[in-house]
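Please examine the protein chain shown below before reading the report. The sections that follow describe the model step by step.

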Amino acid sequence: MFIRDAVLQALEARLLGASEFHSTCNALDRALVVQFRLQYHTGGDSVITPATGKVLFGDIDKVEMLSRRFPLDKPLLDLINKILGNCAGIIHFSIGEFEDAKVRLQQARDIKLDKTFDVYDMYLGLENLYYTACLRQDEQQISDCLYDHLFDTLSFVPSASEALTHQCLWKIAKRLKGHNNLANLIKIWPENNRALVFLISIIASDNGAYTEFSKDNDEMILKYGMNLVEKIKFPKASENNNYHLEQFMLFLQVYFKNIVPDQAASTEWYNFILKAMSKTFQSINVAHTALFVMKKIGSDNEKGKINGTLLRKEALLNFVNFIRYSNKEFKLNKNYNDIISLLVCYNFVINEFTKKDNIDNLFDYDKSLDELLSLLVFFYKEYNIPLSEKKQSLDILENPIRLAFPPHVANTLSRSWLTLYNYHSTSLSALLSFDLLAFLANCVPISRSMDEGLFISTVFQYALTLAKQRDVETAIKVLEKLILERHPNCYKAWHLMALCHSTKENKETAYKIVCSVLEAMNENMKDLTFEEKFQYIYMKITQLRLIQDMFGTDETLELIPELFELYNTLFLGGANQKKVTINGVYDLDMTLQDIWLYVCSLYMKTPSTDNLQEAETAMDEAMALEKDHWKGRYLPLRAKLNILKQQNKQALLDIEKAIDLDNSNIDAILCFAELIFDVEKKSEEDLTDEYYKLVPIEGIKECSKNQSENEDRLFFNATDRSAATARLKLLLDSAVAESIEGYYTPEVWWSLSQIHEQFATKDYKLSLMKCIKFEELRPIAQFENCNY
């Protein structure tokens, strides 16, 4: 019994796309490895060459000899022979030996497997059918063969974890060529296969995508579901839930996830779900389906109610039930029946809901994130999939991992890792503990086999994370080897590389990179995407920052007209006023405000009377572009401008507003520090001696009376200043403990060292050393400036 369980677990792992197996049967493990390698060579754009085919045939021969050398029971031997027969037939087909392919596929098809292996047998049957059909002379014959024999092989709706079976169905559906009309399918194929008919109808598309949503088809599917649920009864204690309803639920999961738009389906689906719940006992599939149905038909938060029930909340409650039932199943079987569906649901809930949706004692958003990570780790270890731990994930060039998952599994796993990364991407602790690198390192080998755009995006985020950790040398290697050698026109990668080089004392390499890329972008200006146009603007600003560092502010100010001319050239005409990117809504007004704020900061570098007036003009232009959804971005810089103008009270008001909007606003905190230290320098009072004294009410009134004598007086007395210093200390401590920007900003550590020195604490030297370290590693601009 133990051996049979190990065999089934190995087959389960193979259906998920695993490449390492421990079934206790060496011949079976090696047969499954051959099958994995064959899939690796036939997936995507890869092809099997005669040389590769020869190697694979040699491996098949070795496995066949091994299975003959050691006695195996007939069911296991038949399983191995059928796997190898399919593999041999596919190899023959791939290298053009069609007669040999036909013989080996027929031999494999003639092998009847034990019912214990029915799940895997259906996958092998569908794989065999597809290649047998492909031996026909033309597309129509291929389509007819698949159409005639599909339901001789396809006997039940596969779960999401039977991913190789789904992959075969997709390959078959793409070749059906016009046989996918739902009304026709229902007429031809029998009632007891109705869930399978529905499944084929939604994936049988010539372009390899799901079919579009149809009201008529939705009504037809709903009618079938209503008739089905009306006929069945609640199961007795000795009975299982109705098989056909469970099968229909598996289909509905695919249907509502991939076909049905928000609010498009009939609200009668809600009544169907309620009836299904009343006719089943703790059905995992019903709870799973209910999550998607209720979220889809109740996607409008305000109107998404039926009979007073808020469907958004109902969807979450069904997710809670789904997890609860799945965990009960795990306790009984020591495994999940459909782990991919679990990952899909966690992804869906984390991306569609927020912390505001928390339900006391039932649903906690942060806990769901932790559970998603635990589930991923379990998945990798349970199925012997290479997992990049923190130490191994530091350098994906030194520790490459090759994976070949079926598309659905690859998509689910990559989304899971990216979901964790996106949520924790602003967490300092996740950055310093290498969690962010680990998330991305596990996503990179999956994305490599999926989509080139996703792969490049993931590698870029990996390099960006390395850069944020100030591991610029590794970041540069990753950019060169994995992105720029393959895609030399990836401008954001060049921008990040320039910023990495700018951390070095010699800025010439960074300057050369930026100038070369700007020249290339200028030559290809007509072909630039909207995101690349934004990249062009911010790379131009990086060039000006480098010029300022290398040649001085005056030379940089002379080039400011070029920046505005570039903006007008790229965005003149008002088209594409908004663009949705990975960072959310990013519009032209925000970019223009960034330009004006940069110009203002430049004029403030040489605070003559004329330059201060120019800075005020630039600030006025930036303020005029303010919008509610990014309110107060100008406040810290205006505070600095007011300090230069010796208007400290107004500066303090701006600082308070900025901190009120975002208490981790590093620029505002540093302005606050500048104000306090400036006052302390001018003050003759010893703040440390009187920090504990309270100010009498009369003293406060007296200060108020004398306010007119000194309009810019910030503090009533030494105690007030000491309280401000204590508040600054809290803000700075919070910045270096919680903010990525704060931790790596030298001025933050310098300000902390000043406070530690003032109070003679032991952390003075540590803060000073951090300041020096991060000053030496400071890029010419924030690394995030290239992330559009």
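## Overall make-up

The model is a predicted one. Its protein chain has 37 helices and four strands. Of the 788 residues in the chain, 52% are buried. The chain exposes about 37600 Å², and carbon and sulfur atoms supply 50% of this area.

Contacts also link parts of the chain that lie apart in sequence. Among the contacts with a separation of 6 or more, 70% are accounted for by residues 24 or more positions apart.

## Confidence

The mean pLDDT of the protein chain is 88, and 89% of the residues reach 70 or more. Confidence is highest in helix H23 (residues 491-501), at a mean of 97, and lowest in strand E3 (residues 578-581), at 43.

Over residues 574-585, pLDDT stays under 50, and the model has 21 contacts beyond four places in sequence for this stretch. Residues 703-711 likewise stay under 50, and for them the model has four contacts beyond four places in sequence.

## Helix H23

How many of the 11 residues of H23 are buried? The number is 10, so the helix is largely enclosed by the rest of the structure. The buried residues of H23 include Tyr491, Lys492, His495, Cys500 and His501. Leu496, Met497, Ala498 and Leu499 are also among them.

Which helices do these buried residues pack against? The partners are helix H21 (452-468), helix H22 (472-484), helix H24 (508-523) and helix H25 (530-551).

## The cavity

Rolling a probe the size of a water molecule over the atoms shows where empty space is left. In this model, the count comes to one cavity of 30 Å³ or more. About 80 Å³ of space lies in the largest cavity.

Eleven residues line the largest cavity, and Ile396, Asn399, Pro400, Ile401 and Pro445 lie nearest its centre. Helix H20 (residues 435-448) gives the most to the lining, with four residues. By class, the lining has seven nonpolar, three polar and one charged residues.

Arg721 belongs to helix H34 (residues 718-738). Is Arg721 buried or exposed? Arg721 has a relative accessibility of 7%, and because buried means under 20%, it counts as buried. Arg721 and Ile676 are 45 residues apart in sequence, while their C-alpha atoms are 7.5 Å apart in space.

Asp594 lies in helix H28 (residues 588-605). Its relative accessible area is 15%, so Asp594 is buried. From C-alpha to C-alpha, Asp594 and Tyr634 are 9.0 Å apart in space, and 40 residues separate them in sequence.

## Two residues with positive phi

Lys334 is found in the loop between helix H15 (311-333) and helix H16 (339-352). Its phi is near 60°, a positive value in a residue other than glycine. Lys334 has 60% relative accessibility, and therefore counts as exposed.

Arg470 lies in the loop between H21 and H22, two of the helices against which the buried residues of H23 pack. Phi of Arg470 is near 70°, which is again a positive value in a residue other than glycine. With a relative accessible area of 14%, Arg470 is buried, whereas Lys334 is exposed.

Conventions
Residues are numbered from 1 along each chain as its sequence is written. This is a predicted model: local features need pLDDT of at least 70, side-chain atom pairs count only at pLDDT 80 or more; totals for chains, interfaces and linings use all residues. Side-chain values use heavy atoms; hydrogens and water are left out. Buried means under 20% relative accessible area, exposed over 50%, partly exposed in between (1.4 Å probe, protein chains only). Contact means heavy atoms within 4.5 Å. Accessible areas come from the Shrake-Rupley method with a 1.4 Å probe; for residues, only the protein chains shown count as cover. On a 1 Å grid over the protein atoms alone, a cavity is a set of points where a 1.4 Å probe fits but cannot get out, and a pocket is an open set with protein on both sides within 12 Å along at least five of seven lines; lining residues have an atom within 4 Å of a point. Grid points are joined across faces, edges and corners, and a volume is the space filled by probe spheres set on the points. Ala, Val, Leu, Ile, Met, Phe, Trp, Tyr, Cys and Pro count as nonpolar, Asp, Glu, Lys and Arg as charged, and the others, Gly among them, as polar. pLDDT is the predictor's confidence in each residue, from 0 to 100.
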